[in-house]
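I opened this entry to look up salt bridges and helix packing. My notes follow the order in which I checked things.

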Amino acid sequence: MTRIAAVHGVPAPHRHAQSDITDMVARSCLPAGADRRVLDRLHAGAQVRTRHTALPLDRYEELRDFGAVNDAFIAGAVDLGAQAVAGALREAGLSPRDVDLLLFTSVTGIAAPSVDARLVGRLGLRPDVRRLPVFGLGCVAGAAGVARLHDCLHGWPDRVAVLLAVELCSLTFQRTDASAANLIATALFGDGAAAVVACGARRRTAGAADGPTVVASRSRLYPDTERLLGWDITGSGFRVVLDPSVPDVVRKNLADDVDGFLSDHGLDRRDVTAWVTHAGGPKVLDAVAEALELPDGALDVSRRSLAEVGNLSSASVLHVLRDTLASGRRPPAGTPGLLLAMGPGFCTELVLLRW
């Protein structure tokens, strides 16, 4: 089985209280003299205390078009990505030249050559490293990326694969857009990166001794849900699509999906000792807890991540995984855990772990 040797998360460089971001959004998105009580209520209800951004807040007004925004994405993604991968390799006891596959995911910017290509020389990866840039999976990509590393390493058990997720969500905020979807997005999403180093069953490293193994994964795409979550690509960049019915879809579908997946491995929900859940927002986390009838505190790590850094899209569930492994409440060895995330499609990715 694939073993996770290290998980390293990196927040974007500029940290702000939620109230400071709320003030910036009010200046950018609301007409002069407009009543900001709805904005204040949405930002307070997000249960986010602090977030990190790729740029200082006063720099966002200087980004006049999508080209400037995307240039900022490329520069920030390469810097944060380099930090995340280097940190994860260091924790795993590996060098850049040990990496056989680099899977890069983001949904907040585009680049050709892709960000992973720009990192090969900077990090000292081998020229023959396999690369796989992925765009469009959104928040689910952290879990899906772990699953795809496992798929690869199942066939190449002596190799090392790295997943890198970088999301600079602040660069997608639409100035002058006072729609509910944009205001909610500006309340929830933050900037950051995370990298996972995974090793095949025949590859051992210093950092892999007590890391969890990946047992199996399952993908689930729900029909007729394409307009629940995602982007409309416009002249000003990525305009968020965020339907308020997302929590209802989670409540309707998640329990059957989880129960079926666990049952195939001789397990049920009571066997799971840690729920590593994407910090999608308070309503989504509440929906997960209700659908799965989880005990109080089961999603505390996810809720704490949401409060400290916001929703980091694809990097979010990886930060939650890192925090789960680093916490004093690390799950007992040999017990099962479930890593899960949801994203555009609308879809769910489930990854069965063994601690």
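I began with R122, which forms a salt bridge with D79, with 2.8 Å between the closest N and O atoms. R122 belongs to helix 4 and D79 to helix 3, so this pair ties together parts 43 residues apart in sequence. I note that the model is a predicted one. D79 has 35% relative accessibility, so I logged D79 as partly exposed.

Next I looked at how the two helices pack. Helix 3 (residues 66-92) and helix 4 (residues 115-123) meet at an angle of about 55°, and their axes are 10 Å apart. That angle makes helix 3 oblique to helix 4. I recorded the crossing of helix 3 and helix 4 as right-handed. Helix 3 contributes F73, I74, A77, V78, D79, G81, A82, V85 and A86 to the contact, and helix 4 contributes V115, R118, L119, R122 and L123. By class, I have 10 nonpolar, one polar and three charged residues in this contact.

How many salt bridges does the structure hold? I find 22.

I then checked D286 and R303, whose side chains meet in a salt bridge at 3.0 Å, N to O. D286 sits in helix 8 (residues 282-292) and R303 in helix 9 (residues 300-309), 17 residues apart. D286 is partly exposed at 30% relative accessibility, and R303 is partly exposed at 27%.

Salt bridges with shared partners join D23, R36 and D40 into one network. Within it, I noted the R36 and D40 side chains in a salt bridge of 2.9 Å, N to O. R36 is partly exposed at 28%, and D40 is partly exposed at 31%.

Note on methods: Residues are numbered from 1 along each chain as its sequence is written. This is a predicted model: local features need pLDDT of at least 70, side-chain atom pairs count only at pLDDT 80 or more; totals for chains, interfaces and linings use all residues. Side-chain values use heavy atoms; hydrogens and water are left out. Axes are lines fitted to C-alpha atoms, for helices over the stretch in contact, and angles run from 0 to 180 degrees between N-to-C directions. Helices (H or I, at least four residues) and strands (E, at least two) are DSSP runs, numbered from the N terminus. Angles under 35 degrees count as roughly parallel, over 145 as roughly antiparallel, 65 to 115 as roughly perpendicular and the rest as oblique. A crossing is left-handed if the near helix is turned anticlockwise from the far one by less than a right angle, and right-handed if clockwise. Contact means heavy atoms within 4.5 Å. Ala, Val, Leu, Ile, Met, Phe, Trp, Tyr, Cys and Pro count as nonpolar, Asp, Glu, Lys and Arg as charged, and the others, Gly among them, as polar. A salt bridge is a side-chain nitrogen of Lys or Arg within 4 Å of a carboxyl oxygen of Asp or Glu. Buried means under 20% relative accessible area, exposed over 50%, partly exposed in between (1.4 Å probe, protein chains only).
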